[in-house]
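I opened this notebook to record what I looked up at the metal sites and at the contacts between the chains. The entries follow the order in which I worked.

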Amino acid sequence: MLPEGNWITRAPNLRRKAILLAKVQDEGGHGLYLYSAAETLGVDRTELLSQLHTGKAKYSSIFNYPTLSWADIGAIGWLVDGAAIMNQTVLARGSYGPYSRAMVRICKEESFHNRQGYEIMMTLAQGTPEQKAMAQDALNRWWWPAVMMLGPSDDKSPNSDQLMRWKVKLESNDAIRERFIDRTVPQAEFIGLKVPDKDMKFNEKTGHYTHGEINWDEFFEVIKGNGPCNAKRLKDRVEADKKGRWVREAATAYAAKQAKEREIA
Amino acid sequence: MNIQEAKFQYLLRLGDSSLIIGHRLSEWCGHGPILEEDIALINIALDFVGNATSLLAYAGQIEGKGRDEDALAYLRDEREFRNLLITEQPNGDFASTIARQFLFDTYMFFLYEDLKNSKDETVAAIAVKSHKEITYHLRHATEWMLRLGDGTTESHERLQSGLNDLWMFTSEMFDMDEVDAMLIKEGFAPDLNKVKTAWEKRVKEVIAEATLQIPTSTFKQKGSKEGKHTEYLGFLLAEMQYVHREYPGAKW
Amino acid sequence: MEDTQWPVWEVFVQGNPGIPHKHVGNVHAPDAEMAIQNARDVYTRRSEGISIWVVPSNAISASSPEDQGAFFEPSNDKPYRHPTFYKIPDGVKYL
Ligand SMILES: [Fe+2]
Ligand SMILES: [Fe+2]
């Protein structure tokens, strides 16, 4: 929730401000739906949060990159949410009920995120030369993280194999990545932007794009918690949680008092 | 002052208050005491931004100089803003935010109830829509007033001190000047004395139920109607406006 | 006091008049009023509902997966409970 939250107070007009608020709010909701699904499995949120706060849980590596300009908000919606949709549609068709139900809901909302992001990029790309440069710069920085977000190559993925065997996940990471690239590259071309991969080529024979080498070292570093924003984002989360403690306690105390009063009455 | 200028000023007062308090609430994003409350605060912020957009768009129309809602929100300086001082006060802790929202939401609730009867069709339509939203905002703030006021010793103290700090900004909500006088006569705007009576009654009731005390300070800080703000507004606008101002004339 | 994320409430939303409330997920809340408010903010942001029910999660008792056979299979061989089981001649109306 935090990387884009940064830009809510700086959104360049009222319409964008409202859209970004609604989008970031949805992302908070996604966290909640997934916690909710996990709770059906018997893991409670306090436990999940403490895993997150102590760095035990591996949260989506994308949140470790900084958002440096307004165009990043466009790039995130378009690329990161776009990649998320690819991942999630696969999970939505998976076999675990509560999880795939949450995913169905999430996917609907992601499609709004995806479009608003593309709309931002399109507006910038058609704007002043400075705006176009801002959009291209954001694409340069977010392209590879988004491509990596679809998970390690099949020969490098520890979880994917097992998830596929259990039918929680129905397709391999590389297959999903190919579909993402096939859809996204023409979208970039349409608005006059270029993906930062000099080896990207369309293969007439297969009908798919082939991409250049992916820097998996960076991916595994970020997952390990060594991204540029890892420590800060985590600290912000822990801080907010600590600051909220007295509020949660107050509401609990009030509820207990009310329950007691009802008993007496 | 002619009637057109009075309407423009009045719409700025309403629109700016919603814009600025909505902005303040949006600063909570990702920092709420629990995930559910983050989502709730953003919902409320969104209502305020929407309300501000309608009011500022109409203000620009009335002014007739080709300024739209974004020009008004992003290209005016501090001294031209007409939001109530209470709306620009920093969030502080969750208790301060709840105190600010409760005092302002109660005001807005009764004000918009009367605005629904405005003879101006656009204002009346905006008020009808907004009043439903405010009804929920006030419920949210009131429920939190009760829980924090009558929760733990710590929450009680924090909320009381939030109320005490903000109290001096409440009196200007009900001040009336030439603008109000002209517009009351027109049937465009309501008499704030009536709003004041209802506000005082409700605020007293809730504060008592929450086991809190009405602040005793009698000092009254005013100035928003002439654009004399507290220092906080300048920083808020600097952050809010910088991208828009950095690229003059650009579309977003 | 022990820090908590508040009790869990299951949320049921009614989409339109006359149709049943449907389970949509859960929220955390200190009490019923806040659970309803939170459910409203989390699950009805896109006009999904006209009415909300919340129930403390721990108040729900459920049949267990092991019971599935004993509970539900015996009804499979009793098609005579369904109106389509009976053949009515073409000419007969309103039946
Ligand atoms: Fe999401
Ligand atoms: Fe998203």
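**Entry on ligand 1.** I began with the iron ion (ligand 1) in this predicted model, and I found that A:Glu27 (OE), A:His30 (ND1) and A:Glu110 (OE) coordinate the ion at 2.0 to 2.2 Å. Along the sequence, I read the spacing of the donor residues of ligand 1 as E-x2-H-x79-E.

**Entry on ligand 2.** For the iron ion (ligand 2) I listed A:Glu27 (OE), A:Asp81 (OD), A:Glu110 (OE) and A:His113 (ND1) as the coordinating residues, at 1.8 to 2.2 Å.

How far apart are the two iron ions, ligand 2 and ligand 1? I noted a separation of 3.2 Å, with A:Glu27 coordinating both ions. Because A:Glu27 lies in helix α2 (residues 14-40) of chain A while A:His113 lies in helix α5 (residues 97-125) of chain A, this pair ties together parts that are 86 residues apart in sequence.

**Entry on chains B and A.** Turning to the contacts between chains, I recorded 46 residues from chain B and 43 residues from chain A in this one. Together the two chains bury about 4000 Å², of which 68% is on carbon and sulfur atoms. Within chain B, the residues that lose the most area to chain A are B:Pro33, B:Leu35 and B:Trp252, which together account for 17% of what that side buries.

I then looked for charged pairs, and the rule finds 2 salt bridges across the interface of chain B and chain A. B:Asp150 forms a salt bridge with A:Lys257, and I noted 3.0 Å between the closest N and O atoms. The residue pairs in polar contact between chain B and chain A, both residues at pLDDT 80 or more, number 15.

Which elements of chain B give two or more residues to the side that touches chain A? I listed α1 (3-26), α2 (35-63), α3 (69-74), α5 (94-115), α6 (121-149), α7 (153-166) and α10 (232-246) of chain B. The largest share of that side, 10 residues, comes from α2(B). Sorted by class, the side of chain B that touches chain A has 23 nonpolar, 11 polar and 12 charged residues.

**Entry on chains C and A.** Here I found 19 residues of chain C in contact with 23 residues of chain A. The area that chain C and chain A bury between them is about 1900 Å², with 45% of it on carbon and sulfur atoms.

How many salt bridges are there between chain C and chain A? I recorded 5, and for A:Glu109 and C:Arg45, whose side chains meet in a salt bridge, I noted 3.6 Å from N to O. The rule also finds 13 residue pairs in polar contact across the interface of chain C and chain A, both residues at pLDDT 80 or more.

On the side of chain C that touches chain A, β2 (22-28) and α1 (32-43) of chain C each supply at least two residues, and the largest share, 5 residues, comes from β2(C). By class, I sorted that side into 7 nonpolar, 6 polar and 6 charged residues.

**Entry on chains C and B.** Finally, I checked the salt bridges over all chains and noted 37 in the structure. The side chains of C:Glu33 and B:Arg139 meet in a salt bridge, at 2.8 Å from N to O. This pair crosses between chains, running from helix α1 of chain C, where C:Glu33 lies, to helix α6 of chain B, where B:Arg139 lies.

How values were computed: Residues are numbered from 1 along each chain as its sequence is written. Chains are lettered from A and ligands numbered from 1 in the order in which they are written. This is a predicted model: local features need pLDDT of at least 70, side-chain atom pairs count only at pLDDT 80 or more; totals for chains, interfaces and linings use all residues. Side-chain values use heavy atoms; hydrogens and water are left out. Contact means heavy atoms within 4.5 Å. Buried area is the accessible area (1.4 Å probe) that two parts lose on being put together, summed over both. A salt bridge is a side-chain nitrogen of Lys or Arg within 4 Å of a carboxyl oxygen of Asp or Glu. A polar contact is a pair of N or O atoms within 3.5 Å; within protein, one must be able to donate a hydrogen and the other to accept it, and residues adjacent in sequence count only if both atoms are side-chain atoms. Helices (H or I, at least four residues) and strands (E, at least two) are DSSP runs, numbered from the N terminus. Ala, Val, Leu, Ile, Met, Phe, Trp, Tyr, Cys and Pro count as nonpolar, Asp, Glu, Lys and Arg as charged, and the others, Gly among them, as polar. Donors are N, O and S atoms within 2.8 Å of the metal (3.2 Å for Na, K and Ca); water is not among the atoms, so sites may look incomplete.
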